[in-house]
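Please keep the sequence and the coordinates at hand while reading.

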Amino acid sequence: MPPAARSALLDERAIARALHRMASEIVEKCGGTDGLVLVGIQRRGVHLAERLSRLIGEREGVTIPCGKLDITLYRDDLQAVGARPVVGATDLPVDLDGKTVVIVDDVLYTGRTVRAALDECADFGRPRRVLLCVLVDRGGRELPIQADIAAISVATGPDDRVDVQVSELDGKDAVELVRGAAA
C-alpha cells in the first residue's frame, strides 16, 4: 500500500483570516451579540470557540460567553470506546435557555459528534436557536446535519483524514488533508 499523501489546506495566516471571517458571519447570522453563547466541542473546537469569542468581543465591544462540551458520554458508539472512556470537562458559563448557541468544532464529517453535542446541550437548557460553525466541512454525512458556517469545504473519501492543529495544543496552526490514511 502506498504511503498516505499529505497536502496543506490552511496555514497559520489562512486560519487567522478564516476565523476573522467566521466571527463576522456569526454576528451577522445571529443578528448581533445579544444572547450569544459559543460552545466548543472538546478538544480543538474549544480553542477555536475561545478565539472566535475574543474576535467577536474585540470587534463588538462585548464579552461573549464561551463554554466547552465533552460529548464522550453522548456518543452513539460509546460501547466501542472501551470500558473506561476518558471524559473531559463540560463547562457552560451560562444557562442555555433562550440563548443563541453556536457550537464550534474543527472538522464536520459524519455528523455524529454534532448530534452528540446537540443532545448534551439539551441537558443544559432549551436554546432559542443553535448554529454550527466548523473550520473544515469534509462531507461524508451519515446524519442530516450541516454547518451554518464553515471556513472551507473539501471533498474527501472514507479513507482520507483531515488533521487540524491549533497552537494551544499542537504548537502551530495548520490544516492538512491526508489522502489514503483511513480516518
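## Helix α1

In the predicted model, the buried residues of helix α1 are Ala14, Ile15, Ala18, Leu19, Met22, Ala23, Ile26, Val27 and Cys30. Buried denotes a relative accessible area under 20%, exposed one over 50%, and partly exposed the range in between, computed with a 1.4 Å probe on protein chains only. Helices (H or I, at least four residues) and strands (E, at least two) are DSSP runs, numbered from the N terminus. Helix α1 covers residues 12-30, and at 1.5 Å a residue its 19 residues should span 27 Å; the end C-alpha atoms are 27 Å apart, which agrees. The expected span is taken as 1.5 Å times one less than the number of residues.

After the helix comes Gly31, with a positive phi near 65°. Glu25 is a member of helix α1 and is partly exposed, at a relative accessible area of 24%. Beyond residues up to four places away in sequence, Glu25 touches Asp148 and Ile149, where contact means heavy atoms within 4.5 Å. Glu25 and Ile149 are 124 residues apart along the chain, yet 7.2 Å separates their C-alpha atoms.

## Basis of the model

Residues are numbered from 1 along each chain as its sequence is written, and side-chain values use heavy atoms, with hydrogens and water left out. As this is a predicted model, local features need pLDDT of at least 70 and side-chain atom pairs count only at pLDDT 80 or more, while totals for chains, interfaces and linings use all residues.

## The open sheet

An open sheet is formed by 3 strands in the order β1-β8-β7, with antiparallel pairing. β1 (5-10) and β7 (161-165) are the edge strands, each with a single partner, so one side of each has no neighbour in the sheet. From one strand to the next, the twist averages 25°; axes are lines fitted to C-alpha atoms, for helices over the stretch in contact, and angles between N-to-C directions run from 0 to 180 degrees.

Two strands count as paired if DSSP finds at least two bridges between them. Between β1 and strand β8 (residues 174-179) there are 5 bridges, and the two run antiparallel. Leu10 stands opposite Val175 of β8.

## Cysteines

A disulfide is defined as a pair of cysteine sulfur atoms within 2.5 Å, and the count by this rule is 0. For Cys66, the nearest cysteine sulfur belongs to Cys133 and lies 11 Å away. For Cys133, the nearest is that of Cys30, at 9.6 Å. Cys66 is partly exposed, with a relative accessible area of 25%, whereas Cys133 is buried, at 0%.

## Two loop residues

Gly98 belongs to the loop between α3 (78-81) and β4 (100-108) and is partly exposed, with a relative accessible area of 49%. Leaving aside neighbours within four places in sequence, Gly98 is in contact with Arg126, Pro127 and Arg128.

Thr72 lies in the loop between β3 (66-69) and α3 and counts as buried, at 12% relative accessibility. The side chains of Thr72 and Asp70 are joined by a polar contact of 2.5 Å. A polar contact is a pair of N or O atoms within 3.5 Å; within protein, one must be able to donate a hydrogen and the other to accept it, and residues adjacent in sequence count only if both atoms are side-chain atoms.
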